[in-house]
Amino acid sequence: MDAPKIKKESKNKIRVDFERAPLWERLKGKYFSMRFVKNVLYKIFRLILLLGVSFVILYPYISKIADSFKSFPDFQDITVVYISRNPTIEQYKYIITENQYFRAMLNTFLLSASTALIQTLICALVGYGLAKFKFKGRNIIFAIVIVTMMLPQDILRLPMQNMFWRFDDQHLIGKLLDALGVTTSTIPGKMGIQLGSMNIFGLIPHFALSLTGFGFRNGLFIFLLRQFFTGVPDELEESAYMDGCTTFRTFFQIIIPLAVPMLITVFIFAFSWQWTDDFYINTFWMESYWTSNLSLPDNAKWFEYSFPLLSSGNFAGGGSAANVLGTIYSQGNTKDTGWDMYANAISGTSTILIALPLIIAFIFLQNKIVQGIERSGIVG
Amino acid sequence: MAKNKDFTTVSQDGTVLYHMAPKKTMKLSLTQRKALSGWLLVLPFVIGLILLYGPLIFNSIKAVFYTVDVVPGEVRYYFAGFENIRWAFMEDLYFKTSLINGFKDLLIQVPAIIIFSLFMAIILNQKMVGRAAFRAIFFLPVILSIGIIDTIDTNAALSMDVITGAINDGTDAMMEGGGNNFISMMDLNVLLQNVQVGASFLRVASDLVTNIFDVVSRSGVQMLIFLSGLQSISPAIYESCQIDGASAWETFWKVTLPMISPMILVNSIYTLIDAFTSSGNGVIRHIFNNIGSASNPINTTIPVKDPATGETINMLLKENSLSTTEMWIYVVLIAILVVIVSLLMKAFVFYQKRD
């Protein structure tokens with residue numbers, strides 16, 4: 001190949017004439033190679049796969065959203081699949097008005113935010129203690145944390161009901177309440193705490209469990225945070241100690257700011273799991289407990305909560321909204337074809353309303369979750 | 001008499017009367033102080049353990065050997081010996097079947113979830129347009145497929161089964177969750193009829209395909225753990241593989257898989273525990289819905305002493321202590337399974353040596 005020919009030369013620019021292959025040849029070389037075809041095929045395959053799996057994940061929500069705009073006749077009409085013939089927002093309307101949606105949302109928000117905050121703090125303390133301090137019994141406590149992670153919550157249903165439902169004088173916490181004089185209930189036993197018109201007794205077990213690091217999946221949080229803190233270099237704390245910091249000041253001023261991504265992850269988990277939790281709500285807020293002390297409540301029987309929550313039975317079964325809609329379509333007790341599907345659709349609409357605030361928050365925060373886990377040090 | 005600074009009392013003529021030892025202050029060594037701080041930090045947990053969790057676990061285990069009778073104002077425990085356990089194995093019509101089915105499903109679904117989440121993690125780890133959006137969607141079920149939403153979906157799936165006349169034996173662990181049957185068994189049969197495989201394999205395959213939503217929705221956390229594991233592998237290793245001319249296939253088997261193997265162990269155990277602690281699980285559903293129902297009545301009585309009258313009466317075993325008993329049996333079996341799985345997998349796990 002000859003040396004490049006200089007076509008034009010000025011003070012600042014130089015144009016050189018290369019001997020290059022024609023455009024067609026170059027394109028052919030680039031796009032007709034096996035490698036390129038393979039690459040394109042792979043990318044198409046990948047895109048289809050990701051879209052497909054995303055569809056599988058989103059399908060229940062898509063179908064629920066589609067169902068939520070249908071009216072009852074749509075369910076009797078076999079030709080209606082996704083798009084309603086006479087779209088309506090009555091399902092949303094009645095769930096919001098009849099099931100006290102906004103009040104339930106506010107209550108749930110307050111409950112979730114406060115317990116999540118407490119759980120995050122307590123789990124961080126415990127995780128930090130387990131990660132950075134050597135003391136007798138540390139391994140035993142860590143083993144217990146792992147065990148709490150592995151026991152299903154249902155195993156504690158019966159003892160929890162017995163412990164938390166019957167805070168009468170025989171129980172430690174009942175005695176404590178008695179001593180504090182917070183027994184304002186007219187129900188036999190010391191089981192009610194009035195706040196305005198609300199009976200908020202059920203809050204006590206939530207906070208008792210959160211404050212001691214035994215809330216829902218708190219073992220997992222302690223484990224995650226312990227792994228994270230183990231990865232923090234000791235020199236940081238040592239220099240803080242040298243400067244005269246106490247352990248707790250070091251924790252709050254040095255360690256906590258470092259751990260913010262992980263703490264946010266834990267907070268999001270704790271918050272959203274409390275938001276949708278029905279096990280503890282089920283266990284702590286049953287009506288028969290308040291009204292009759294006669295027997296363990298029937299799981300199918302839900303009550304009008306004095307403290308409405310999103311994960312209460314009102315939302316799970318459609319509740320009063322389903323009753324009102326049933327009256328509108330004069331369903332009463334007779335169940336026509338399609339009524340079960342319509343009832344499911346009402347529950348589905350409840351699901352949308354329950355999940356909506358979470359999804360909105362999730363869209364903004366999902367990056368933080370991934371970051372937190374990536375930095376958690378689970379990976380070693 | 002004058003006292004000088006070093007705790008020595010001297011008389012006026014200068015003779016030393018006596019020495020006083022310096023006053024001892026409570027001074028802990030650094031190690032002791034750190035141990036104390038450690039205890040203070042874990043104190044909330046210890047208090048909870050003693051006041052709440054310990055008694056709860058104790059009462060839960062106690063319920064295995066007692067019949068728990070809840071009467072107005074109090075809870076009575078009557079000793080029942082091994083009657084509860086005997087009932088669970090000998091007289092519960094569905095417990096053994098549901099256990100066997102539950103374990104079968106675990107054995108199928110856990111590998112499926114692990115393989116799926118590893119595969120998706122590898123894909124989501126590659127650079128592409130919309131990666132953040134896909135990651136967000138894939139992670140969505142972790143937040144949403146739980147608690148009340150899961151309950152509503154399960155109930156809807158069960159009632160749809162009733163509506164469509166599908167046979168539901170109430171024992172299909174993990175299989176009911178989303179309840180979105182994209183492909184029916186028939187389609188798959190048509191697809192696979194020319195393939196020479198046994199009917200049982202066909203059932204497994206069709207279960208997996210029809211319940212793809214369950215596999216996908218339970219893979220969120222596992223995917224995250226794999227993702228972070230993949231990101232911790234040094235790119236230099238892949239680079240040297242490329243230079244040495246290894247194909248992507250070889251790189252996967254020789255580099256990615258060994259490096260990710262500790263994550264596979266963690267994920268297997270996580271998946272096992274997640275599957276068996278979830279309330280949608282068939283065994284747990286059986287335990288809490290099926291005991292004492294019309295189709296599965298409790299007929300066994302034990303003699304107890306009525307505290308009111310002092311007479312010995314025959315009392316039926318109580319549903320709540322029976323369900324707690326069956327839960328504990330299930331927990332013990334799962335614990336054994338977890339130990340076996342972790343021992344088996346430890347043989348294959350590769351730990352990179354740290355400096």
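Colleague: What kind of model is it, and how do the numbers run?
Modeller: It is a predicted model, in which local features need pLDDT of at least 70 and side-chain atom pairs count only at pLDDT 80 or more, while totals for chains, interfaces and linings use all residues. Residues are numbered from 1 along each chain as its sequence is written, and chains are lettered from A and ligands numbered from 1 in the order in which they are written.

Colleague: How many helices and strands does chain A have?
Modeller: Chain A has 18 helices and four strands, where helices (H or I, at least four residues) and strands (E, at least two) are DSSP runs numbered from the N terminus. Chain B has 13 helices and seven strands.

Colleague: How many residues do the two chains bring to their contact?
Modeller: On the chain B side 73 residues are in contact with 77 residues of chain A, a contact being two residues whose C-beta atoms, placed from the backbone, lie within 7 Å. The largest share of the chain B side, 20 residues, comes from α1(B).

Colleague: What sort of residues are on that chain B side?
Modeller: They divide into 50 nonpolar, 20 polar and three charged. Here Ala, Val, Leu, Ile, Met, Phe, Trp, Tyr, Cys and Pro count as nonpolar, Asp, Glu, Lys and Arg as charged, and the others, Gly among them, as polar.

Colleague: Staying with chain B, how is it divided into domains?
Modeller: Chain B is divided into domain 1 (2–79) and domain 2 (83–346), with bounds that come from an automatic or database domain assignment. Eight residues of domain 1 of chain B are in contact with 12 residues of domain 2 of chain B. On the domain 1 side, the elements giving two or more residues are α1 (30–65) and β4 (66–71) of chain B, and β4(B) provides the largest share, four residues.

Colleague: New topic: which residues have the most contacts inside the largest nonpolar core?
Modeller: They are Val126(A), Phe221(A), Leu225(A) and Val266(A), in a core of 132 residues; a nonpolar core is a set of buried Ala, Val, Leu, Ile, Met, Phe, Trp, Tyr and Cys residues joined through C-beta atoms within 7 Å. Helix α5 (residues 101–132) of chain A gives the most to this core, with 13 residues, and the core also draws at least three residues from each of domain 1 (2–79) and domain 2 (83–346) of chain B.

Colleague: What does Leu225(A) touch?
Modeller: Leaving aside neighbours within four places in sequence, Leu225(A) is in contact with Cys123(A), Ala124(A), Gly127(A), Met262(A) and Val266(A).

Colleague: How do α10 and α13 of chain A pack?
Modeller: Helix α10 (residues 218–230) of chain A and helix α13 (residues 260–276) of chain A pack at an angle of about 175 degrees, with their axes 11 Å apart. That makes α10(A) roughly antiparallel to α13(A), the word used for angles over 145 degrees. On the α10(A) side the contact is made by Phe221(A), Leu224(A), Leu225(A) and Phe228(A), and on the α13(A) side by Met262(A), Val266(A), Phe269(A) and Ala270(A).

Colleague: Is Trp273(A) buried or exposed?
Modeller: Trp273(A) is buried, with 22 other C-beta atoms within 10 Å, and its place is in helix α13 of chain A. Not counting residues up to four places away in sequence, Trp273(A) touches Phe216(A), Arg217(A), Ile146(B) and Gly147(B).

Colleague: Where does Arg217(A) lie?
Modeller: Arg217(A) lies in the loop between α9 (203–211) and α10 of chain A, and has a positive phi of about 60 degrees although it is not a glycine. Arg217(A) is buried, with 21 other C-beta atoms within 10 Å.

Methods
Axes are lines fitted to C-alpha atoms, for helices over the stretch in contact, and angles run from 0 to 180 degrees between N-to-C directions. Angles under 35 degrees count as roughly parallel, over 145 as roughly antiparallel, 65 to 115 as roughly perpendicular and the rest as oblique. A residue is buried if 20 or more other C-beta atoms lie within 10 Å of its own, exposed if 12 or fewer, and partly exposed in between; C-beta atoms are placed from the backbone.
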